[in-house]
Amino acid sequence: MSEWKLYNQNFTSRLLLGTAAYPTVDVLQSSIQAAQPAMMTVSLRRQGAAGANYGEGLWSLLRDLAIPVLPNTAGCLSVQEAVTTAQMAREVFATDWIKLELIGDDDTLQPDVFQLVKAAQILIHDGFKVLPYCTEDLIACRRLLEVGCEALMPWAAPIGTGLGVVHEYALRVLRERLPSVPLIVDAGLGLPSQAAQVMEWGFDGVLLNTAVSRSGRPVLMAEAFAQAVVAGRLAFEAEPVIPRQHAQASTPTVGQPFWHHQEYGQQV
């Protein structure tokens, strides 16, 4: 499987893994080791609070693992809130990378694409490597590219639903119309087969959290998704056959021991 590039940095793994809602830090660590992700996402708000979720155990794990951390601005509802959270995350995690989340609806957790563009522009001007969590809307994605984003993270379905790809047409059009832009499918995937599917369409990576952390056996599920992402990408690079409406024989006829032909009006 080929390497890929985000903001001039090369990665081998095409799987990004969230760190929220695992039953224990040990399960999280084992899941990370099974998945070998390119990056781990972490929320400054959630992990910064004393005693929240995994407490000091997560901080120790983040320090010990050699996998890059991708802070996110989860829970932010305004441009100023997102920008401030990103700036704080840069100080805490010592990285210019940021997954930019700016939610516009409490029920669907759908990104507010209008404020998202404004926040992205401010952060890019401030030197951040912005990975915006966005919808599959082509025009909104173009606006994000115009303000300087070099990669996008369109959703497959609302966060945590596990529905898989809800709007296949829009997502595939996005891939077709932005062929050279790194696109990471973020949110809504629930099964490894769904991850393999989007990778077969030519997407560059997937980001997972709930599908792994809330499964019955997170470590096993992390391994399953890792293998699915590899399989899907290899299938894309292998150039799959084009679907056809009619059958086409695949078995060669040369050297067959029996065949039928017409000779002097008799079938032999």
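## Aromatic cluster

Tyr-7 is buried, as is Trp-97 (buried: under 20% relative accessible area with a 1.4 Å probe, protein chains only). Their ring centres lie 5.7 Å apart with planes at 85°, so the pair is edge-to-face. Rings of Phe, Tyr and Trp (its six-membered ring) pair if their centres lie within 6.5 Å; planes under 30 degrees apart count as stacked, over 60 as edge-to-face and the rest as tilted. Tyr-7 sits in the loop between strand S1 (4–6) and strand S2 (9–11), Trp-97 in strand S6 (residues 97–100), and 90 residues separate them. Helices (H or I, at least four residues) and strands (E, at least two) are DSSP runs, numbered from the N terminus.

Trp-97 also pairs with Phe-11: centres 6.2 Å apart, planes at 80°, so again edge-to-face. This pair joins strand S2 to strand S6 across 86 residues. Phe-11 is buried too. Trp-4, Tyr-7, Phe-11 and Trp-97 make up one aromatic cluster. The structure holds three aromatic pairs.

## Basis of the model

The model is predicted: local features need pLDDT of at least 70, side-chain atom pairs count only at pLDDT 80 or more, and totals for chains, interfaces and linings use all residues. Residues are numbered from 1 along each chain as its sequence is written, and side-chain values use heavy atoms, with hydrogens and water left out.

## Charges over rings

Lys-99 lies over the face of Tyr-133, 5.5 Å from the ring centre. The criterion is NZ of Lys or CZ of Arg within 6 Å of the ring centre and within 35 degrees of the ring normal.

## Nonpolar core

The largest nonpolar core has 77 residues; Val-130, Leu-152 and Val-206 touch the most other members. Helix H4 (residues 79–93) gives the largest share, six residues. Such a core is a set of buried Ala, Val, Leu, Ile, Met, Phe, Trp, Tyr and Cys residues joined through side-chain atoms within 4.5 Å.

Beyond four places in sequence, Val-206 has contacts (heavy atoms within 4.5 Å) that include Arg-14, Leu-16, Ile-184 and Val-229.

## Helix H1

In H1 (residues 25–35), Val-25, Leu-28, Ser-31, Ile-32 and Ala-35 are buried. They fall within an arc of 120° seen down the axis, so they line one face. The arc is taken from the directions from helix axis to C-beta atoms. Just after H1, Gln-36 has a positive phi of about 50°.

How values were computed: Buried means under 20% relative accessible area, exposed over 50%, partly exposed in between (1.4 Å probe, protein chains only).
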